[in-house]
Amino acid sequence: MSGEKMKLYWFSGSTPCWRVQIVLEEKGFYDKVDLRHVDFYKQEQKSAEVTKLNPRGQVPTFVDDGININESHAICDYLETCYGDYGKKLIPSEKEGMSRVLQRMHEIKQENRDQELLETKYEIARKEIQRWEDYLMEVHEDGQTYLVGEDFSMADIYLYPHVAFCVRFGLDISKYPELAKYYNTLAQRHSIQKTWPPTWKSSEDIYRFLVPL
Ligand SMILES: N[C@@H](CCC(=O)N[C@@H](CS)C(=O)NCC(=O)O)C(=O)O
């Protein structure tokens, strides 16, 4: 880690931000980061300070040693590539393990690109959730815990905030027992607990899906 503090502009409840926060904690950096919470209700993400770094006026917006990088997946990959030896290794170095973690990471990214579709087309969302339920069933049948086997990886960090977001906003996770087991088990992980969106600890700002998934 460089001499200059890392800086993260974030918003409580933003799944892209949470993903980055988990990586920072897994790498042992989180307590040293200059965390700047932006208030969406005041449109602070559109301030000159943020848009100078991120013309889209979005979070996460991240700076490390004067290097500015945005887009949550890019930040996660950057942190693992630059700081692979710090804290938890999140993408295995050996080919087989790496291929499995990358495969799931990029499947999750694809799902994220279709976010708008998922929000309006419940049938597609249902199928997508079922797909992850099936993946987790295989993992659990093998007596393992994480998305890619026995070790926590970047694939879990890409996925978990999506699962928690769905639960937070009304998904009846008991309909998906494997996902429920995964959700509850990983909720115990230190980095996830520590970075849990603070506003989700209260019962305010809960909305429900109009159509149950
Ligand atoms: N693809 C981006 C998505 C970033 C994004 O959508 N951020 C939202 C919060 S979850 C945001 O800043 N929204 C405020 C706005 O667009 O004004 C990433 O993964 O980093």
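Rings first, so here is my rule: rings of Phe, Tyr and Trp (its six-membered ring) pair if their centres lie within 6.5 Å, with planes under 30 degrees apart called stacked, over 60 edge-to-face and the rest tilted. This is a predicted model, so I take local features only at pLDDT of at least 70 and side-chain atom pairs only at pLDDT 80 or more, while totals for chains, interfaces and linings use all residues. I number residues from 1 along each chain as its sequence is written, and side-chain values use heavy atoms, with hydrogens and water left out.

**Rings**

I get 17 aromatic pairs by that rule. One of them is Phe29 with Tyr83, edge-to-face, at 5.0 Å centre to centre and 85° between the planes. Phe29 lies in the loop between helix H1 (15-26) and strand S2 (34-37), and Tyr83 in the loop between helix H3 (72-82) and helix H4 (95-113), so this pair ties together parts 54 residues apart in sequence. Helices (H or I, at least four residues) and strands (E, at least two) are DSSP runs, numbered from the N terminus. I find both Phe29 and Tyr83 buried; buried is under 20% relative accessible area, exposed over 50%, partly exposed in between (1.4 Å probe, protein chains only).

Next I looked up Tyr146 and Phe152, which also pair edge-to-face: 5.8 Å centre to centre, 75° between the planes. Tyr146 and Phe152 are both buried. Phe152 also has the charged end of Arg189 over its ring, 3.8 Å from the centre. For that I need NZ of Lys or CZ of Arg within 6 Å of the ring centre and within 35 degrees of the ring normal. Arg104 lies over the face of Tyr135 in this way, 3.4 Å from the ring centre.

Which residues form one aromatic cluster? I list Trp18, Tyr160, Phe165, Phe169, Tyr182, Tyr183, Trp196 and Trp200.

**Ligand**

I noted the polar contacts here (N or O pairs within 3.5 Å; within protein, one atom must be able to donate a hydrogen and the other to accept it, and residues adjacent in sequence count only if both atoms are side-chain atoms). A polar side-chain atom of Glu71 is 2.8 Å from a ligand nitrogen.

**Thr61**

I find Thr61 in strand S3 (residues 61-64), buried at a relative accessible area of 0%. Its side chain makes a 3.0 Å polar contact with the side chain of Asn54. A polar atom of the Thr61 side chain also lies 2.6 Å from the backbone oxygen of Gln58.
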